[in-house]
Amino acid sequence: NHIDPAAGAQVRADDRAHVFHSWSAQAHIDPVPIAGAQGSWFWDYDGNRYFDLGSQMVNVNAGHGHPAIVEAICEQARILPTISPAFGNDVRGELARLIAERAPGDLDKVFFTNAGAEANEHAVRMARVVTGRSTVLSMYRSYHGASGTTIGLTGDPRRWRAEPTGGDVVRFFGPYPYRSPWATDSVEAEAAAALAHLRMVVELQGPNSIAAIIIETVIGTNGVLVPPPGYLAGVRELCDEYGIIYIADEVMVGFGRLGEWFGVNAFGVTPDLITFAKGVNSGYVPLGGVVIGSRVAQHFDDVPYPGGLTYSGHPLACAAGVASIKAFEADGVIDRVRATGEDLIRPTLSKIAANHPSVGEIRGMGFFWAIELVRNPETREGLVPFNASGPDAAPMAELIAACKAKGVWPFTHFNRIHVAPPLTTSDDELTDALAVIDEVLDLADAHVVS
Ligand code: PLP
């Protein structure tokens with residue numbers, strides 16, 4: 001650890017004077033200056049170390065400072081740090097091949113972008129051009145990015161203040177057994193009700209106007225909602241019936257988070273397009289993209305694709321992606337994530353749930369879990385209200401502060417703590433971090449009304 005409070009003070013001063021931060025009222029934030037990071041940990045200039053329970057933005061799948069990825073970036077910088085997307089490039093081609101080999105079915109081509117929003121932006125453009133239709137269906141409780149089109153697709157309150165967003169978007173409800181919009185009492189019934197609802201939205205909206213349905217394979221920030229068995233297969237069938245493009249947004253769940261290279265592989269479905277970013281190279285250099293199936297790919301065999309980016313397939317980003325996939329393969333990371341999710345994380349969280357009346361539900365898979373907290377286990381009223389801020393959010397603020405004081409930096413959203421550490425986190429580190437969560441949940445229990 002590099003302890004240097006004076007350097008930290010300078011970082012804070014520059015930041016407060018000149019850096020304009022995402023999503024924030026600028027005068028009301030105080031970002032912690034970070035001095036360094038390694039593995040599943042990062043630290044500030046005062047010597048405080050934090051376990052990275054949320055992998056930053058659920059993107060640092062390989063952990064911090066992974067030597068093979070760092071070395072690949074350095075080597076690529078020496079060989080060819082950048083080259084126009086109009087040229088062929090070895091790491092760009094290799095990464096596209098490695099991705100196509102891991103994607104399901106006929107998804108065989110990759111359009112590279114710089115991030116997740118751009119990936120969804122282009123997936124929607126492809127769907128609209130190929131179908132000649134305009135409307136896109138997206139879920140309430142979803143996040144698809146902060147660009148013009150993608151904030152319009154987004155079904156969470158971050159969209160509200162960005163309105164008007166334009167675009168032709170209609171939202172629907174996805175399955176959420178714990179808070180079922182249809183008051184179902186089993187996951188099977190929830191899948192059936194959600195599919196009937198989606199069919200009704202499609203039919204009433206006019207199937208011939210719908211270009212695409214976009215779905216996060218497991219809803220990420222808005223709840224770690226794992227689709228019940230049969231739901232995604234039903235979406236695929238509905239899309240086939242009406243010629244609608246199925247876009248799987250795997251920006252958060254792709255590249256190992258769910259114990260699969262692509263999340264859809266766990267559910268046995270093949271979308272027309274998969275969007276990715278984050279975990280493809282753990283964000284060491286920004287990278288995203290669209291994996292393209294044959295229906296869309298063939299359309300653009302003879303018709304030019306109306307879109308491009310100066311940095312599409314940036315060599316530094318692609319070199320990082322190649323190194324990350326090879327390291328995960330060599331170390332058996334994907335299989336371990338799947339097994340550890342079931343053998344260690346699920347039972348530990350289940351015990352935590354049994355210990356704490358404030359835990360309404362735990363759910364997830366792989367290295368992707370939510371602990372949903374309630375004030376009233378009977379009515380399932382959240383520990384804090386939907387979209388709470390300020391004093392309303394105090395019970396969550398207390399929990400967050402207690403976690404940080406014990407050296408765990410949590411990823412929280414509304415009334416949930418998400419457990420999404422780097423996929424390289426050891427069993428001991430996981431056990432220790434979850435023990436901290438177990439301890440601090442006593443604070444949440446104190447708010448439970450019986
Ligand atoms: N889609 C999903 C599911 C995401 O979680 C995110 C980011 O959190 C995005 C899209 C947007 O990605 P980016 O922030 O890289 O633009």
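**A helix and its surroundings**

Guide: Of the 17 residues of α11, 12 are buried, so this helix is largely enclosed by the rest of the structure. Buried means that 20 or more other C-beta atoms, placed from the backbone, lie within 10 Å of the residue's own; exposed means 12 or fewer, and partly exposed is in between. Helices (H or I, at least four residues) and strands (E, at least two) are DSSP runs numbered from the N terminus. This is a predicted model: local features need pLDDT of at least 70 and side-chain atom pairs count only at pLDDT 80 or more, while totals for chains, interfaces and linings use all residues. Residues are numbered from 1 along each chain as its sequence is written.

Visitor: Which residues in α11 are buried?
Guide: They are Pro315, Leu316, Ala317, Cys318, Ala319, Ala320, Gly321, Val322, Ala323, Ser324, Ile325 and Phe328.

Visitor: And what do they pack against?
Guide: The buried residues of α11 pack against α3 (67-79), α4 (90-102) and α12. Contact here means C-beta atoms, placed from the backbone, within 7 Å.

Visitor: What comes just after α11?
Guide: Gly332, with a positive phi of about 65°.

Visitor: OK, zooming out. What does α11 give to the largest nonpolar core?
Guide: That core has 124 residues, and Ala212, Ile245, Leu273 and Val291 have the most contacts inside it. α11 gives the most to this core, with nine residues. A nonpolar core is a set of buried Ala, Val, Leu, Ile, Met, Phe, Trp, Tyr and Cys residues joined through C-beta atoms within 7 Å.

Visitor: What does Val291 touch?
Guide: Leaving out residues up to four places away in sequence, Val291 touches Ile99, Ala100, Ala103, Leu107, Val110, Leu273, Ile274 and Phe276.

Visitor: New topic: how is the protein divided?
Guide: Into domain 1 (5-65 + 333-445) and domain 2 (67-331), with bounds from an automatic or database domain assignment. Their C-alpha centres lie 25 Å apart. The contact takes 29 residues from domain 1 and 29 residues from domain 2.

Visitor: Last one: which residues come nearest the ligand?
Guide: Of the 16 residues around the ligand, Ala115, Gly116, Ala117, Val251 and Met252 come nearest. Near means that the C-beta atom, placed from the backbone, lies within 6 Å. Helix α5 (residues 116-131) gives the most to this shell, with three residues.

Definitions and conventions
Contact = placed C-beta atoms within 7 Å.
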